[in-house]
Amino acid sequence: MIAQAKKLVYELLKNDNSGHGIEHIERVYDLAMKFAESEKCDKTIVALGVLLHDVDDYKIFGMQSQLNLTNTRTILDKIGASDQLKNKILDMVSKIGFSKCLKGNRPTTIEGMIVSDADMCDAIGANGILRANLFSYLHGENFFDKNIFPQKQLDPNEYTKKNKTTTVNHFFEKILRLKNLMMTKAGKEEALARHNLVVTFLRQFFEEEKAFDWIVYLDEYLKENGE
Ligand code: ADP
Ligand code: NI
């Protein structure tokens, strides 16, 4: 069933080059399986959750697809999932993602927590930096504008609209917050290491740009977030 789902998901995402593609799914799969080693959980649910967590993403398939979980349902039917399994996966994927988290919609099962942690970890660290850079490039966003500081509080209803930000501001608005959203012990450890790399990257970047007020901003931001 997993192999079959993998084939269908790869078919659906193979043309995506926005940072959600197959490479993202493969990295999240490996990370989730690693986190699953330290938890008592159903690995089949974790695997299917990873494979299906982006197949109805509003950024690729539109908000209607995200709300109805259209592709998730089709794939679950095609692989012959039982009603019970279907409901578990549908419930899980409806709770994965930063925009849903902003609205207070968080995973409630250990399998969902593992998938969420692994997915969020792929937005931090070296791949997180590369994915954010790619996203900005594709959306015509600037990497950095020293005159535009990040939003302190993100409005959950505004986040999914196509408001432009800069890559650097996206780091403050989302990526640096992810480590505090981890739900498993293994996820927390992984996220912290990746978070520290992003902080080091930003500090070095601001130094190279001679954007010294941004180093002060970064330090204050980290302090406010309990670091
Ligand atoms: P995920 O698939 O990990 O849930 P998202 O769907 O939210 O992540 O976004 C895909 C990737 O694009 C992530 O790495 C994210 O940090 C990045 N991204 C999303 N919005 C922006 C933005 N406005 N500027 C730069 N990068 C962004
Ligand atoms: Ni994802």
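Glu-190 and Arg-194 meet through their side chains in a salt bridge, 2.7 Å from N to O. The term covers a side-chain nitrogen of Lys or Arg within 4 Å of a carboxyl oxygen of Asp or Glu. Why do these two pair up? Glu-190 and Arg-194 lie four residues apart in helix H13 (residues 185-208), so about one helical turn separates them. Helices here are DSSP runs of H or I, at least four residues, numbered from the N terminus. Glu-190 is buried, and Arg-194 is too. Buried means under 20% relative accessible area, exposed over 50%, partly exposed in between (1.4 Å probe, protein chains only).

This is a predicted model, where local features need pLDDT of at least 70 and side-chain atom pairs count only at pLDDT 80 or more. Side-chain values use heavy atoms, without hydrogens and water.

The count of salt bridges is twelve. Lys-14 pairs with Glu-11, the closest N and O atoms 2.6 Å apart. Lys-14 is partly exposed at 47%, and Glu-11 is exposed at 51%. Glu-37 and Lys-43 form another salt bridge, at 3.1 Å between closest N and O atoms. Glu-37 is exposed at 59%; Lys-43 is partly exposed at 37%. Arg-27, Asp-122 and Arg-131 are linked in a salt-bridge network.

What of the cysteines? The whole structure has zero disulfides (pairs of cysteine sulfur atoms within 2.5 Å). The sulfur of Cys-41 is 16 Å from the closest cysteine sulfur, in Cys-121, so it is too far for a bond. For Cys-101 the closest is also in Cys-121, at 13 Å, again too far. Cys-41 is partly exposed at 23%, while Cys-101 is buried at 11%.

Methods: Residues numbered from 1 in each chain as written. Chains lettered and ligands numbered in written order. Helix = DSSP H or I, 4+ residues; strand = E, 2+ residues; numbered from the N terminus.
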